[in-house]
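Visitor: I've got the sequence and the model open side by side. Could you walk me through what the labels rest on?

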Amino acid sequence: MTTSFKTEILTATHNFGTAPTRGTGVADTFKAALYLASASLGAGTTVYSSTGEVTGTNYTAGGVTVTNATAPTNSGTTAYWTPSASITYTNVTLSTSFDAVLIYNSSQTNKAVSVHTFGAQTITAGTFTLVMPTNAAGTALLNIA
Amino acid sequence: MALVNTTKGEMEESLLEKKEGTVDNDNETVLWTEYWLDGELVHRSVHMTLKKFNLMGEAVAASF
């Protein structure tokens, strides 16, 4: 999770659910962009950038929309949220190794939420599927404990 | 017959050499599938299952 996001939680910049924090009753749209192994992402990342993002056949800059059908909830003292479906990049060719995905809020000027790294991958005329972890305290994609 | 999307268009799976592999660690389980044609990689897909992610603090840029 990025440092900026921690602060933005407190200012209701992000709204994963439909609580009337800003009166819209509509959850924000979150997206997932892939980044090259050579890119530098981390706590200092505040916003989506195309710098270091993967490029390739059938990959659109900015990535794909994250399915958000499950509102945040909590268990004990831990609040948590996980996308409600896998993040999938279909029929892409990504020839240069990538090892990170940035989750960001496209409804709020592309502000960064979290950066996740994994073993470097390439895709050739294929599909890259990121299956989400179990949506529970301690295992969800985002936990605030 | 199953068709596989490749760099050369859709091809019959039986015409291709299939390779599969897995990687399993604390952060992720990866199943990759490749198809080769005459020594050329024409398809590679990756199915990555994320195991967990904890946040608020140290886990910035943490592995899945």
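**What the labels rest on**

Visitor: Why is A:Ala125 called buried?

Guide: Keep in mind that this is a predicted model. A:Ala125 has 22 other C-beta atoms within 10 Å, and the label takes 20 or more, so A:Ala125 counts as buried.

Visitor: Where does A:Ala125 sit in chain A?

Guide: In strand E6, which covers residues 111–131.

Visitor: What makes B:Asp38 exposed?

Guide: B:Asp38 has 8 C-beta neighbours inside 10 Å. The cut-off for exposed is 12 or fewer, so B:Asp38 gets that label.

Visitor: And which part of chain B holds B:Asp38?

Guide: The loop between strand E4 (28–37) and strand E5 (40–50). B:Asp38 also has a positive phi, near 50°, and is not a glycine.

Visitor: How do you know that E4(B) and E5(B) pair?

Guide: Pairing takes at least two bridges, and ten bridges join E4(B) to E5(B), so they count as a pair. The two strands run antiparallel. To find your place on screen, look for B:Thr33, which stands opposite B:Ser45 in E5(B). E4(B) and E5(B) form a hairpin with two residues between them, and B:Asp38 is in the turn.

Visitor: Back to the nonpolar side of things. Which residues touch the most other members of the largest nonpolar core?

Guide: A:Ala33, A:Tyr35, A:Val101, A:Leu102, A:Ile103 and A:Tyr104, out of 39 residues in that core. Several strands supply at least two residues each: E1 (30–36), E4 (78–81), E5 (87–105) and E6 of chain A, together with E5 of chain B. E5(A) gives the most, with ten residues.

Visitor: What is A:Tyr104 in contact with, leaving aside its neighbours within four places in sequence?

Guide: The partners are A:Phe30, A:Lys31, A:Ala33, A:Tyr48, A:Asn110, A:Lys111, A:Ala112 and A:Val113.

Visitor: Zooming out, how many helices and strands does chain A have?

Guide: One helix and seven strands, in the order α-β-β-β-β-β-β-β along the sequence. Of its 145 residues, 37% count as buried. Take the contacts in chain A between residues at least 6 apart in sequence: 68% join residues at least 24 apart.

Key:
Residues numbered from 1 in each chain as written. Chains lettered and ligands numbered in written order. Predicted model: local features only at pLDDT ≥ 70, side-chain atom pairs only at ≥ 80, totals over all residues. Helix = DSSP H or I, 4+ residues; strand = E, 2+ residues; numbered from the N terminus. Contact = placed C-beta atoms within 7 Å. Core = buried A, V, L, I, M, F, W, Y, C linked by C-beta atoms within 7 Å.
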